[in-house]
Amino acid sequence: MHCASLSLDLPFSKPQEAGVPRLPPGGAVVHQKPQIFTLETLARSEASAQRQSLCWGVQDIRLDFQTQVLGEERSGPRTPACPGLASSTCCSLTPGKMAGPWTFTLLCGLLATTLIQATLSPTAVLILGPKVIKEKLTQELKAHNATSILQQLPLLSTIREQPAGGIPVLGSVVNTVLKYVIWLKVTTASILQLQVKPSANDKELLVKIPLDMVAGFNTPLVKTIVEFHMETEAQAIVRMDTSASGPTRLVLSDCATSDESLRVQLLHKFSFLVNALAKEVMNLLVPALPNLVKNQLCPVIEASFNGMYADLLQLVKVPISLSTDRLEFDLLSPAIKGDTIQLYLGAKLLDSQGKVTKWFNNSAASLAVPSLDNTPFSFIVSQDVVKAAVAAMLPPEEFIVLLDSVLPEIARRLKSSIGLINEKAADKLGSTQIVKILTQDTPEFFTDQGHARVAQLIVLEVFASSEALRPLFTLGIEASSEAQFYTKGDELILNLNNISSDRIQLMNSGIGWFQPDVLKNIITEIILSVLLPNQNGKLRSGVPVSVVKALGFEAAESSLTKDGLVLTPASLWKPSSAVSQ
């Protein structure tokens with residue numbers, strides 16, 4: 001199987017020359033005392049780095065590293081000439097002999113802008129299907145009291161004020177008819193289930209809002225109210241506004257009624273005279289109703305859409321908690337494709353003080369956006385953002401394990417394995433033998449179609465006793481675990497299944513050179529018993545995904561693509577079929 005090579009800067013700390021480390025003043029210590037083992041967790045400083053090559057296939061992960069000279073510290077990161085850009089897109093600002101520094105600065109800026117525009121890919125995409133759009137807009141129409149607006153339509157005054165086209169006879173007829181009408185108004189109104197469809201322009205949405213009303217008038221000719229049924233449909237277009245006044249946004253415009261949808265009919269039959277009067281009133285309402293809807297209701301529909309859009313923008317900006325850090329998204333641009341609204345998002349990682357530690361305004365690779373099919377919505381997050389989230393939840397740590405006290409059987413087997421290498425070294429192992437495990441930098445996270453893996457570098461040191469000043473040996477371990485996402489309600493949880501020591505390298509030895517693969521089985525069991533439970537304990541708290549419940553669902557489900565993580569609703573929800581009153 002072909003495997004691409006990727007060069008990474010992965011730090012590897014130096015083996016401890018002194019014995020079991022003493023806690024630094026003010027150092028954070030976590031004492032865990034489960035029934036299985038006891039750990040002391042210490043915060044450690046950033047260790048030295050070296051170049052490493054990584055090649056990941058379906059079943060193995062290889063990380064090449066070299067042992068650094070003891071005491072060597074990693075130099076600080078070099079500041080690129082063009083901050084914020086990848087090294088492949090950065091140019092030097094050092095002026096040449098034929099051009100001044102301003103010329104090079106300008107050229108660098110133009111080149112960087114061109115390259116970014118050419119390779120821009122969002123780091124996350126929120127896709128809203130027509131079901132969600134209809135539900136959210138329906139809720140906003142309720143919040144803006146749209147049915148109350150319909151019930152307050154000034155039917156009688158509009159008929160009286162509408163022009164007669166310059167024909168005196170028509171004006172006389174209107175006055176004669178209205179002379180017998182005491183009052184005329186809408187008695188009940190409802191907005192039926194909305195429809196969202198692609199318009200003739202593929203980059204626009206057609207929103208249809210059916211209106212259902214019952215109106216009535218009172219006349220001296222009959223003691224009861226004369227009622228008639230009115231149906232019409234408001235239509236509007238949702239499009240992208242790319243005006244120069246601000247960033248691209250979605251707007252609703254061209255709101256009007258459809259002539260084909262307008263129907264007015266008498267609900268009950270009365271005497272010939274009353275029926276004739278009712279027919280004349282309905283004839284007067286036919287030209288008046290479209291103008292009433294356009295002038296009275298369309299502004300409410302537009303305000304409701306603006307409220308829905310503002311809520312969506314606020315929703316995507318809700319911080320996602322990652323232990324002490326948090327992840328936030330921002331809108332890069334909206335888009336309309338088919339019958340969906342797509343929000344392209346950038347992301348940023350912030351520390352506990354609110355300081356941005358990493359920006360994700362564009363993804364290194366093009367983020368594939370799967371089709372919704374019948375799914376109400378989907379939230380796609382790129383692999384680099386997921387990788388940063390996992391790293392934030394699993395920071396570098398150091399564990400000191402009193403092996404003989406908490407894992408006596410493993411301690412016995414370790415002693416036996418060391419005896420095959422050096423019997424004298426094995427005899428030195430006492431009841432206070434220590435195993436120190438240091439996770440290097442942060443784990444590397446890899447996704448493929450349907451599955452994911454976490455790779456991490458580990459330094460493992462074995463001390464004969466708690467009084468030993470130097471370790472018997474130090475091992476560098478390339479470990480990997482299968483990563484499985486699952487959901488609990490609206491929380492996304494990552495679990496690391498099993499752990500394998502893909503390669504072990506001897507970094508330092510006080511018992512002579514030996515082939516470290518001899519210890520592979522017992523070393524794997526140690527990190528499986530110590531490291532994996534600790535890391536899964538940190539991941540078990542989960543990551544709340546507020547977008548799920550905010551869009552009306554109780555639970556989510558996750559899936560993996562080669563580009564990243566996809567969240568979709570797992571539970572069914574009943575949309576509001578109408579706005580009625």
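Visitor: Which element gives the largest share of the lining of the largest cavity?
Guide: In this predicted model, that's H7, with five residues in the lining. Helix H7 covers 383-393. Other elements giving two or more residues are strands E13 (320-322), E14 (325-337), E17 (377-382), E22 (491-509) and E25 (564-569).

Visitor: How many residues line the largest cavity in total, and which lie nearest its centre?
Guide: The lining has 21 residues, and Leu 322, Ala 389, Leu 492, Val 543 and Leu 565 lie nearest the centre. The volume of this cavity is about 290 Å³.

Visitor: What kinds of residues make up that lining: nonpolar, polar or charged?
Guide: Sort them and you get 20 nonpolar, one polar and no charged.

Visitor: How many cavities of 30 Å³ or more turn up in the whole structure?
Guide: The search finds four.

Visitor: Let's move on to disulfides. What is a disulfide?
Guide: It's a covalent bond between the sulfur atoms of two cysteines. Here the structure holds one: Cys 255 pairs with Cys 298, and their sulfur atoms are 2.0 Å apart.

Visitor: Which parts of the chain does the pair tie together?
Guide: Cys 255 sits in strand E11 (residues 249-257) and Cys 298 in helix H6 (residues 272-316), so the link ties together parts that are 43 residues apart in sequence.

Visitor: Is the link of Cys 255 and Cys 298 left-handed or right-handed?
Guide: Look at the angle about the S-S bond: it is -70°, and the link is left-handed.

Visitor: And are Cys 255 and Cys 298 buried or exposed?
Guide: Both are buried.

Visitor: Now a single residue. Where is the place of Trp 183?
Guide: You'll find Trp 183 in strand E7, which spans residues 183-191. Its relative accessible area is 25%, so Trp 183 counts as partly exposed; the cut-off for buried is under 20%.

Visitor: Which residues is Trp 183 in contact with, leaving aside neighbours within four places in sequence?
Guide: Those are Leu 156, Gly 216, Phe 217, Asn 218 and Ile 225.

Methods: Residues numbered from 1 in each chain as written. Predicted model: local features only at pLDDT ≥ 70, side-chain atom pairs only at ≥ 80, totals over all residues. Heavy atoms only, no water. Disulfide = S-S within 2.5 Å. Helix = DSSP H or I, 4+ residues; strand = E, 2+ residues; numbered from the N terminus. Buried < 20%, exposed > 50% of the residue type's maximum accessible area, 1.4 Å probe, protein only. 1 Å grid on protein atoms, 1.4 Å probe; cavity = no way out; pocket = protein on both sides within 12 Å on 5 of 7 lines; lining within 4 Å. Points joined across faces, edges and corners; volume = space filled by probe spheres on them. Nonpolar A, V, L, I, M, F, W, Y, C, P; charged D, E, K, R; others polar. Contact = heavy atoms within 4.5 Å.
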